[in-house]
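Dear colleague,

Please find below the structure I am handing over to you.

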Amino acid sequence: MSSTVDSPISSSKIQIHQLDRLAPRSAFLLFYAGHPPHQTMISSLSARHIARIARQQPLRLFSSQDSLVVTNVHEESGVAVLAMNRPPANSLSLELNEAISTSLKQIESNPKIQSVILASSNPTIFSAGLDITELISPSDERLPKFWNSLQQVYIDLYGSRLATVAAIQGHAPAAGCMLALACDYRIMHGGHGEEHLPTIGFNETQLGIAAPPWMGQLMVRTIGFRPAERALALGTLFPPSEALNAGVVDDVITEQSSSESNEVLKALLPEALQSQTSNPVMIKAYEEAACYAKIPPQARVASKLVTRSESLKEMQMTREDDTQHFCGFITHEVVQKNLMKYVEKMKQRGKAKKS
Ligand SMILES: CC/C=C\C/C=C\C/C=C\C/C=C/C(=O)SCCNC(=O)CCNC(=O)[C@H](O)C(C)(C)COP(=O)(O)OP(=O)(O)OC[C@H]1O[C@@H](n2cnc3c(N)ncnc32)[C@H](O)[C@@H]1OP(=O)(O)O
């Protein structure tokens, strides 16, 4: 038996083949059909249940508005999109980190996909880095779990079999920058005039904390020892042209969006990103991702291992110590005071902006 279900959240159609007999593979089946999956909701429905609903009415697996991450795949070009979708700033909470890792693994499980674009549904903020509220007066149970989830995102992204392209539409401070640096290629928007320049970099020292060794080393490997040493100490946030000169990003796009939407992007982008179909950063990110997808995958992955396996091994070996350091450091009285002051400033700035 075969039936087709209209998805209410995208124009794509899901082919459901003999779903009743595919219980353990139902999530994969939906995923292969190009439908953005939501882990919790899919796993809470049995295949039999899904099939029954599918025969009767349009299947609503999740609402893209409440998903921390939205994804879509385009098998024809071998490219997928994984977009962070946690308003207002895509700050990285435990749950967002877990959603990124889960979605990346789901995309990787599709053998037709060779590249993924890491993007944001927010047109002016890629990711504001760690959710600072996770760091203030944290619980003993949640803090190590939170840090572990961030380490895992790094490991999953940096070691992904997929070619990873960061479409950096806007700000990417601290752990937001880490996400971009863990990708294979970075494209940043040049901003809308001098007053609205997005920035990228590790600004941790400005918050009274320091980037952990694996993040600091990621910057060193990207831009070289001396520039990284200086940028880390000063907490430099690079505007686009400086980021390009320093090698923090590979490309900066200054042109404005055109009025014509790109047909491939229409098919590739999840619903929450449909407003970006004429966005030059997205167009370039797609071109780059498609270019990587054409390279024989075994060779591409082997070459990635040459440059990344040592640091990934090191990360695995030092992971527990890193968590202990982080928890000890963050819960230190002086650090807590600095963080509170920083959040206070952030809130004042927000209020001033709104008034
Ligand atoms: C030896 C060392 C051992 C161990 C290591 C120890 C520690 C190291 C730990 C970790 C490394 C990584 C650290 C981090 O990632 S810390 C986070 C750093 N991020 C920032 O500093 C960014 C702060 N935000 C901003 O600068 C601006 O918001 C931004 C430029 C991103 C966007 O500006 P815009 O004007 O467009 O928006 P806002 O009005 O400022 O923000 C909107 C909204 O979002 C809230 N917001 C922003 N950022 C965060 C955040 N990081 N966490 C939580 N909430 C955030 C902001 O308050 C506004 O909220 P509201 O006022 O309610 O609308």
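How many bridges join β3 to strand β4, and do the strands run parallel or antiparallel? Six bridges join strand β3 to strand β4 (residues 79-84), and the two run antiparallel. Strands are DSSP runs of E with at least two residues, helices are runs of H or I with at least four, and both are numbered from the N terminus; two strands pair if DSSP finds at least two bridges between them.

Two remarks on the source are needed. Residues are numbered from 1 along each chain as its sequence is written. The model is predicted: local features need pLDDT of at least 70, side-chain atom pairs count only at pLDDT 80 or more, and totals for chains, interfaces and linings use all residues.

**Confidence.** The average pLDDT (the predictor's confidence in each residue, from 0 to 100) is 84 for the protein, and 81% of the residues score at least 70. Residues 1-65 have a pLDDT below 50, and this stretch has 88 contacts in the model beyond near neighbours in sequence; a contact requires C-beta atoms, placed from the backbone, within 7 Å. Where pLDDT is low, the predicted coordinates should not be read in detail. For the complex, the predictor gives an ipTM of 0.97 and a pTM of 0.84.

Six of the six residues of β3 (residues 69-74) are buried, so the strand is largely enclosed by the rest of the structure. Buried means 20 or more other C-beta atoms within 10 Å of the residue's own, exposed means 12 or fewer, and partly exposed lies in between, with C-beta atoms placed from the backbone. Val69, Thr71 and Val73 point one way from β3, while Val70, Asn72 and His74 point the other way. Val73 has Ala80 of β4 as its bridge partner. Four residues lie between the strands of this hairpin, and Gly78 in the turn has a positive phi of about 75°.

**Helix α8.** In α8 (residues 225-234), Ala228, Ala231 and Leu232 are buried. They cover an arc of only 100° around the axis, which puts them on the same side of α8; the arc is that of the directions from the helix axis to the C-beta atoms. The face turned away carries the exposed residues Arg226, Arg230 and Ala233. Among what covers the buried residues are β9 (200-201) and α7 (213-223).

Of the 31 residues around the ligand (C-beta atom, placed from the backbone, within 6 Å), Ala128, Gly129, Ala174, Ala175 and Gly350 come nearest. The elements that give two or more residues to this shell are α12 (297-330) and α13 (333-354).

With kind regards

Terms used. Two residues are in contact if their C-beta atoms, placed from the backbone, lie within 7 Å.
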